[in-house]
Amino acid sequence: MPKNFDSGERVVELLRALIIVQLGLAGVGQAQIRKIVGGSMNDINAIVKLLRSGRRGQVKE
């Protein structure tokens, strides 16, 4: 994030990311998430791809 973001913009971006995560976990498609949240598909894809990688919560041995 650029340093010139104020706290209000940071909160909005955080809430937007949380909505994308929750919709991704609920199985909503990326195109539908984009319709709901707005923004670019690249941003949505970057977040949802991490959710579907199957690597969350696993510890390296």
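## Terms and basis of the model

A residue is called buried when its relative accessible area is under 20%, exposed when that area is over 50%, and partly exposed in between, with a 1.4 Å probe and protein chains only. The structure is a predicted model, in which local features need pLDDT of at least 70 and side-chain atom pairs count only at pLDDT 80 or more, while totals for chains, interfaces and linings use all residues. Residues are numbered from 1 along each chain as its sequence is written, and side-chain values use heavy atoms, with hydrogens and water left out.

## Overall architecture

The protein has three helices and zero strands, where helices (H or I, at least four residues) and strands (E, at least two) are DSSP runs numbered from the N terminus; read from that terminus, the order of elements is α-α-α. Of its 61 residues, 15% count as buried. The accessible surface, from the Shrake-Rupley method with a 1.4 Å probe, comes to about 5,000 Å², and carbon and sulfur atoms hold 56% of this area.

## Packing of α1 and α2

Two packed helices are described by the angle between their axes and the distance between the axes. For helix α1 (residues 7-25) and helix α2 (residues 30-37), the axes come within 10 Å and cross at roughly 145 degrees; such axes are lines fitted to C-alpha atoms, for helices over the stretch in contact, and the angles run from 0 to 180 degrees between N-to-C directions. On the α1 side the contact (heavy atoms within 4.5 Å) is made by Arg16, Ile19, Ile20, Leu23 and Gly24, and on the α2 side by Ile33, Ile36 and Val37.

## The nonpolar core

Ile20, Leu23, Ile33, Ile44 and Val48 form the largest nonpolar core, a core being a set of buried Ala, Val, Leu, Ile, Met, Phe, Trp, Tyr and Cys residues joined through side-chain atoms within 4.5 Å. Two or more of the core residues come from each of α1 and α3 (41-52). Once neighbours within four places in sequence are set aside, Ile44 is in contact with Ile20, Gln30, Ile33, Arg34 and Gly38.

## The loop between α1 and α2

Gly27 is found in the loop between α1 and α2, and this glycine is exposed because its relative accessible area is 53%. The C-alpha atoms of Gly27 and Arg52 are separated by 9.8 Å, although the two residues are 25 residues apart along the chain.

Val28 lies in this loop between α1 and α2 as well, and counts as partly exposed because its relative accessible area is 22%. Leaving aside neighbours within four places in sequence, Val28 is in contact with Leu23, Ile33 and Arg52.
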